[in-house]
Amino acid sequence: QLCSGSCPLAKTLQDGKNREINAFLQHANGHRLPVSLRVSPIFDANGSITGAIEIFNDNTTRLAELQKISELEKEIYLDPLTQIGNRRYIQQKLETHLDEFNKNGSSFGILIGDIDYFKKFNDSNGHAVGDQVLKIVADTLSHNLRPYDFAGRWGGEEFLLILPINEPVDLANTANRLRLLVQQ
């Protein structure tokens with residue numbers, strides 16, 4: 001279905017421009033094959049378009065490389081236990097918000113929280129149960145924030161949230177709401 005909408009070959013034959021796209025072709029065996037497609041016009045001596053050359057390259061390796069990069073980025077920026085931002089990602093987000101604040105005054109708030117008596121709880125109930133608590137807290141925080149808010153695990157049982165705000169009372173209300181949700 002490559003040419004059911006905007007066919008690169010047809011467009012090149014019309015305007016004489018080179019094109020390069022990534023697409024999927026249906027293999028004879030039924031599976032989809034990722035390809036890189038390049039189209040170049042052919043001109044006659046008068047400069048009129050007489051045809052075009054289409055070159056298809058298997059893009060499977062490139063797609064696998066991009067997938068690996070995505071997986072590595074996830075490892076770099078996500079806490080492996082809680083699957084929310086790790087300290088490195090938090091620091092990057094803080095720098096971004098500070099830059100935005102310095103450029104155009106975009107205000108934001110930071111909430112830092114930890115789980116009370118977590119060490120005692122962890123020691124008496126075991127690390128596996130403690131890990132489950134950390135996951136539940138992380139899920140509670142991340143699922144109860146706005147899409148543009150950010151939650152990360154600062155370390156141990158400490159969490160840091162970055163929230164764009166208009167009024168300081170908004171930050172206090174959000175902190176209290178999240179505290180109550182985690183407490184429950």
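Two strands count as paired if DSSP finds at least two bridges between them. Strands here are DSSP runs of E with at least two residues, helices are runs of H or I with at least four, and both are numbered from the N terminus.

The model is predicted, so local features need pLDDT of at least 70 and side-chain atom pairs pLDDT 80 or more, while totals for chains, interfaces and linings use all residues. Residues are numbered from 1 along each chain as its sequence is written, and side-chain values use heavy atoms, without hydrogens and water.

I start with the sheet. Three strands form an open sheet in the order S4-S6-S5, with antiparallel pairing. S4 and S5 (150-155) are the edge strands, each pairing on one side only. On average, neighbouring strands are turned by 25 degrees against each other, direction ignored. Seven antiparallel bridges join S4 to S6, residues 158-164. In that region Gly-113 stands opposite Phe-159 of S6.

Now the helices. H3 packs on the sheet and touches S4, S5 and S6, contact being heavy atoms within 4.5 Å. The direction of H3 makes about 130 degrees with that of S5. Axes are lines fitted to C-alpha atoms, for helices over the stretch in contact, and angles between N-to-C directions run from 0 to 180 degrees. H6, residues 168-183, lies across S4 and S6 at about 25 degrees to S4.

Last, two loop residues. Gln-83, between H2 (60-77) and H3 (87-104), has a positive phi of about 60 degrees although it is not a glycine. Tyr-117, between S4 (108-114) and H4 (118-125), also has a positive phi of about 60 degrees without being a glycine.
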